[in-house]
Amino acid sequence: MAEVLQFLVPTGSGQTLLVWGLEPKPGLEHSLFAVFSKFGLLYSVRAHSNAAVAGPGCYAIIKFYSAADASRAQQACNGQTLFQSSPLKVCVCTKQKGFQQQVLALNSNKCQELANHYLGFNGWSSRIITLQNVSGFDDENEEVGKKPSVRYLCAVEVTLPKHGVQSRGVGLGEADLENGEDPLELVTATRRVQKLAAGRALSSAFQKILLVVLGQAPHVMRSVPPSSLTQRKGFHAEHHLRY
């Protein structure tokens, strides 16, 4: 069965495992990661101490990108001792009715991690189309007494050569300056803002791409059509798709 993965923070109940019966130990999250990452790419591993009424011990929340990977991990690890003396209990989390989680885009580092896992390090590439200083575009609307700021707008193109897909995204980075007359602060802030804008643009480009996983077969790439053209502060960027 095909599974569609997006470059979003996993929120589906089928992608999340609850692990309890954990014995407190140093490096618990590392031990969990070592075991569960064998079944697929993980978004996060978080271990917590039990509430006082539940007695001593720990539990963990493990998020996969793929619900199929989470299911295989649950079936293989439930009731096993793994790295401790007592068996663990592992279950797939169930979503509460009426509870809707906010859908968040993956940051650029997580996007690259997901792309590398499913496409390979050579299966995609990115390039900066433009990195534009847009500081001062709204000076006439700035509040009196507000600190000066540095703003950069970046456009990035992601290419998947084996699948003939291109996707573009834009991102804005901004930072306030404590002292607008300090050249060192300006240089430092500019570098930080440029990196932030480029990262957001890369994430934006990946948001338009779907990964369709067909079992063990090669992954098929499809693209999410843009809802509208992006226009911001005099800069115009279009999202192009090529099949």
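Colleague: What makes the span of helix α3, residues 108-119, close to the expected one?

Modeller: Helices are DSSP runs of H or I with at least four residues, numbered from the N terminus. The expected span is 1.5 Å times one less than the number of residues. α3 has 12 residues and reaches 16 Å from its first C-alpha to its last, close to the 16 Å expected. This is a predicted model, in which local features need pLDDT of at least 70, side-chain atom pairs count only at pLDDT 80 or more, and totals for chains, interfaces and linings use all residues. Residues are numbered from 1 along each chain as its sequence is written, and side-chain values use heavy atoms, with hydrogens and water left out.

Colleague: Which residues of α3 are called buried?

Modeller: Buried means under 20% relative accessible area, exposed over 50%, partly exposed in between (1.4 Å probe, protein chains only). Ser108, Cys111, Leu114, Ala115, Tyr118 and Leu119 are the buried residues of α3.

Colleague: Why do the buried residues of α3 line one face of the helix?

Modeller: The arc is taken from the directions from the helix axis to the C-beta atoms. Down the axis of α3, the buried residues fall within an arc of 125°, so they line one face. An α-helix has 3.6 residues a turn, so residues three or four places apart point the same way.

Colleague: What follows α3?

Modeller: Glycine 120 follows α3, and its phi is positive, near 90°.

Colleague: Where does pLDDT stay under 50?

Modeller: pLDDT is the predictor's confidence in each residue, from 0 to 100. The value stays under 50 over residues 226-243, while the protein chain averages 84. Where pLDDT is low, the predicted coordinates should not be read in detail.

Note on methods
Helix = DSSP H or I, 4+ residues; strand = E, 2+ residues; numbered from the N terminus. Contact = heavy atoms within 4.5 Å.
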